[in-house]
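Dear colleague,

I am passing on the structure below, together with notes on what was found in it. Please read the notes with the coordinates open beside you.

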Amino acid sequence: NGYTGEAVGVPLKGHKYPVACIAFSPDGSTIASGSDDNTIRLWDPSNGEMETELEDMHDPVVLPPISTIFSENGSASHVRYVATPKHGPIDETSQMGGQHGSAAEDSVLSVAFSPNGQTLAFSSGSAFGGGKDSTVWLRSTRNPMEIGRALLGHQGAVNSIAFSPDGGTLVSGSWDNTIRLWSVASLTERIPPMRGHEEAVSVVAFSPDGRTIASGSDDRTIRLWDAKTGQPRITPMTTHSDWVRSVTFSPDGAIIASGSEDKTVLLWDAATGHLRELKPLKHNASVTALSITPDVRTLAAASWDPKILLWDLRDTSTYIMELDRHLGPVFGVEFVTDNMVLSCSDDSCLLLWDLRKPNQCVAAFYAPLPLKCLHYHNTSVAAGDENGTVQILEIPWMLEQTADGPSSGMF
């Protein structure tokens, strides 16, 4: 039961090895399951009996399309998931030179909706550079049966991805110290890799006009790049004293905010790269994620401590609010409106906050595993967990469940 978490019916038994993916048919009358035993089985959910077994798959069935977890009256539900691949190189002739990450080993490090919401991009690997996956995956959010498309080229875990404002280009930053620009249509690189960072690229972001890319790195610098040519726009910004973990542009493109392991947030002039505020915004632990309201008045900064601090960008002398309901490090934060903000944490919680109600979340949903990143688009939110799975749900549904009862829904 999607609301209570209680088991419905009998277990579907028959696979000899772990089940890697599962999906309902559009009318809800059949369940399909794929397994490491190289079979796909079709089940009748009304009685739990197996209808058909498709054998002789050459490899374990491990790369499902975006799949509906719950089915109600034959319609797609508000909660979906996407799983990363588990085994073997997808293309032995690719530049990747390794295998895709195991869902047991790799976390989802970054997730992003395209501007039109029709494509979901995500990457997985180890936040500390390990793991086997160096791939960026693209999936359709409208066609549940479409196979994922892979962007191959990085030689290390891909820490961060972002779509251009027009949705035609994806930028990725990797543990291999490079930044790459990809054509979403052709799945090829638009220009040669952007090189200059001396250590892992931890975060990348497009400016609102799509002309500039900002990158942050373990080399403690922030760099600005021409999105068309890949050339540096200015000299590196070097004030942080430790790894840069987050970078974001303000919606008007005038400000760049950066967060670091040095427990500070710095505000920069996006045109010149000069500091706008000489005094850093201080936290008690590493700053992991940043977001700025559409009206460019408020900055949210998430941290390991585990808190979210809200700052008035017109007067940064002190923070204006503290959100401290998470029980583990906060890895994602994003404004939905000027008054609503989403956050995800290592405590496995995705929280929706109403800033008109100090330190009060209006919806809380719990994933099976710790959450490492999130991205919001229109009414949908995608959150990646440490097991290589992306959870997708609708915010109106979140609010509806909260209004109907306790905030205890599970992805």
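**A hairpin and its surroundings**

Strand 31 and strand 32 make a hairpin that leaves two residues between them, and Asn378, in the turn, has a positive phi of about 60°. Strands here (E, at least two residues), like helices (H or I, at least four residues), are DSSP runs numbered from the N terminus. Before going further, please note that this is a predicted model, in which local features need pLDDT of at least 70 and side-chain atom pairs count only at pLDDT 80 or more, while totals for chains, interfaces and linings use all residues. Residues are numbered from 1 along each chain as its sequence is written, and side-chain values use heavy atoms, with hydrogens and water left out.

Strand 31 (residues 371–377) is largely enclosed by the rest of the structure, because six of its seven residues are buried; buried means under 20% relative accessible area, exposed over 50%, and partly exposed in between, with a 1.4 Å probe and protein chains only.

Lys372 forms a salt bridge with Asp346, with the closest N and O atoms 2.6 Å apart; the term stands for a side-chain nitrogen of Lys or Arg within 4 Å of a carboxyl oxygen of Asp or Glu. Since Lys372 lies in strand 31 and Asp346 in the loop between strand 28 (340–345) and strand 29 (349–354), the pair ties together parts that are 26 residues apart in sequence. Lys372 counts as partly exposed at 22% relative accessibility, and Asp346 is partly exposed as well, with a relative accessible area of 26%.

**Other salt bridges**

The structure holds nine salt bridges, including one in which the side chains of Glu189 and Arg180 meet at 2.8 Å, N to O.

Another salt bridge links Asp218 to Arg245, and the closest N and O atoms are 2.8 Å apart. Asp218 lies in the loop between strand 17 (212–217) and strand 18 (222–226), and Arg245 in strand 19 (residues 244–249), so this pair ties together parts that are 27 residues apart in sequence. Asp218 is buried, with a relative accessible area of 5%, while Arg245 is partly exposed, with 22%. 

**Ser286**

Ser286 is found in the loop between strand 22 (281–282) and strand 23 (287–292), and is buried, with a relative accessible area of 7%. Its side chain is joined to that of Glu261 by a polar contact of 3.4 Å, that is, a pair of N or O atoms within 3.5 Å, of which, within protein, one must be able to donate a hydrogen and the other to accept it, residues adjacent in sequence counting only if both atoms are side-chain atoms. Leaving aside neighbours within four places in sequence, the residues in contact with Ser286 (heavy atoms within 4.5 Å) include Arg245, Glu261 and Trp304.

**Aromatic pairs**

The structure holds two aromatic pairs, for which rings of Phe, Tyr and Trp (its six-membered ring) must have centres within 6.5 Å, planes under 30 degrees apart counting as stacked, over 60 as edge-to-face and the rest as tilted. The rings of Trp304 and Phe331 have their centres 5.4 Å apart and their planes at 85°, so this pair is edge-to-face. Trp304 lies in the loop between strand 24 (298–303) and strand 25 (308–312), and Phe331 in strand 27 (residues 330–335), so the pair ties together parts that are 27 residues apart in sequence. Trp304 is partly exposed, with a relative accessible area of 43%, whereas Phe331 is buried, with 17%. The rings of Trp311 and Tyr319, with centres 5.9 Å apart and planes at 75°, also form an edge-to-face pair.

**Cysteines**

The structure holds zero disulfides, a disulfide being a pair of cysteine sulfur atoms within 2.5 Å. The sulfur of Cys349 is 8.5 Å from the closest cysteine sulfur, in Cys361, which is too far for a bond.

With best wishes

Key
Pairing = 2+ DSSP bridges.
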